[in-house]
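Please look over the sequence and the structure before reading on.

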Amino acid sequence: MLKKFALIVAGGSGNRMGASVPKQFLEIEGKPVLMYTFEAFLRFDPNIEFVLVLPDTQVEHWKKLCKVHAFTTSYKLAFGGENRFQSVKNGLAQINGNGIVFIHDGVRPLVSNETIEHCFSEAQKSGNALPVVPSSESIRYSDEQGNKAVDRSKYFLVQTPQTFDAQSIKEAYKKAQHENFTDDASVLESSGHKIHLVNGNRENIKITWPQDLIIAKTFLFPQ
């Protein structure tokens, strides 16, 4: 069977949250956000292999949380780098063999099983999959010359897990000419691969602001 890997990137801070702890460790109903993220992939496949990328300064705090919450899911640990590119590259180094790797933000606990399945199926077929949702807002383009309306039907909001054939994305990271990429699909694209879009789910928000915790709690614990 094709091996599945979930590379969870959790290097955020609590600055925009106004919190004293990193946002991946903030709790919803008594449990850290990051643990809900693990659970989303375990529902998809209980045998999935995890790689967790954390800043080295956060590892001990995470281990304490695991003891407190009796969190026993196994994973390989990689240390975060100076930027997302380096963090993901460090995580990919922990993946051995062929398979499909899901690269996912640690603070996206609301990714649906359907989205993960879409990504897996497309990556099996085409080598990669990028979950997106259409914009529900009007969009304007702005530069030094001014701004103008653009056709929002041609633009999509990008989510994770960005999903790849493991060997292809590892090779792309090795060949990359710079580290100024904002997502993993762009790294693969820079090495000449076509990116394939699949439907994401709108609830799959990246927890960044205080109100996002309220939204996440609503979906995780519907009344």
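A residue is called buried when its relative accessible area is under 20%, exposed when that area is over 50%, and partly exposed in between, as computed with a 1.4 Å probe on protein chains only. The model is predicted, and local features need pLDDT of at least 70, side-chain atom pairs count only at pLDDT 80 or more, and totals for chains, interfaces and linings use all residues. Residues are numbered from 1 along each chain as its sequence is written, and side-chain values use heavy atoms, with hydrogens and water left out.

**Cavity**

- The structure holds one cavity of 30 Å³ or more, a cavity being a set of points, on a 1 Å grid over the protein atoms alone, where a 1.4 Å probe fits but cannot get out.
- The largest cavity has about 30 Å³ of space, where grid points are joined across faces, edges and corners and the volume is the space filled by probe spheres set on the points.
- Its lining, made of residues with an atom within 4 Å of a point, consists of R84, F85, Y173, F181, T182, D183, D184 and V187.
- At least two lining residues come from each of α3 (84-92) and α6 (184-190), helices being DSSP runs of H or I with at least four residues, numbered from the N terminus.
- By class, the lining has four nonpolar, one polar and three charged residues, with Ala, Val, Leu, Ile, Met, Phe, Trp, Tyr, Cys and Pro taken as nonpolar, Asp, Glu, Lys and Arg as charged, and the others, Gly among them, as polar.

**Salt bridges**

- The count comes to ten salt bridges, each defined as a side-chain nitrogen of Lys or Arg within 4 Å of a carboxyl oxygen of Asp or Glu.
- One of them joins E39 to K31, with the closest N and O atoms 2.7 Å apart; E39 is partly exposed at 25% relative accessibility, and K31 is partly exposed at 22%.
- Another pairs D105 with R108 at 2.8 Å from N to O, and both D105 and R108 are buried.
- E122 and K125 form a salt bridge in which the closest N and O atoms are 3.5 Å apart, and because these two are three residues apart in helix α4 (residues 113-126), about one helical turn separates them.
- Within that pair, E122 counts as buried at 16% relative accessibility, whereas K125 is exposed at 65%.
- Elsewhere, salt bridges that share partners join R84, D105, R108 and D184 into one network, and R84 and D184 also belong to the lining of the largest cavity.

Technical notes:
1 Å grid on protein atoms, 1.4 Å probe; cavity = no way out; pocket = protein on both sides within 12 Å on 5 of 7 lines; lining within 4 Å.
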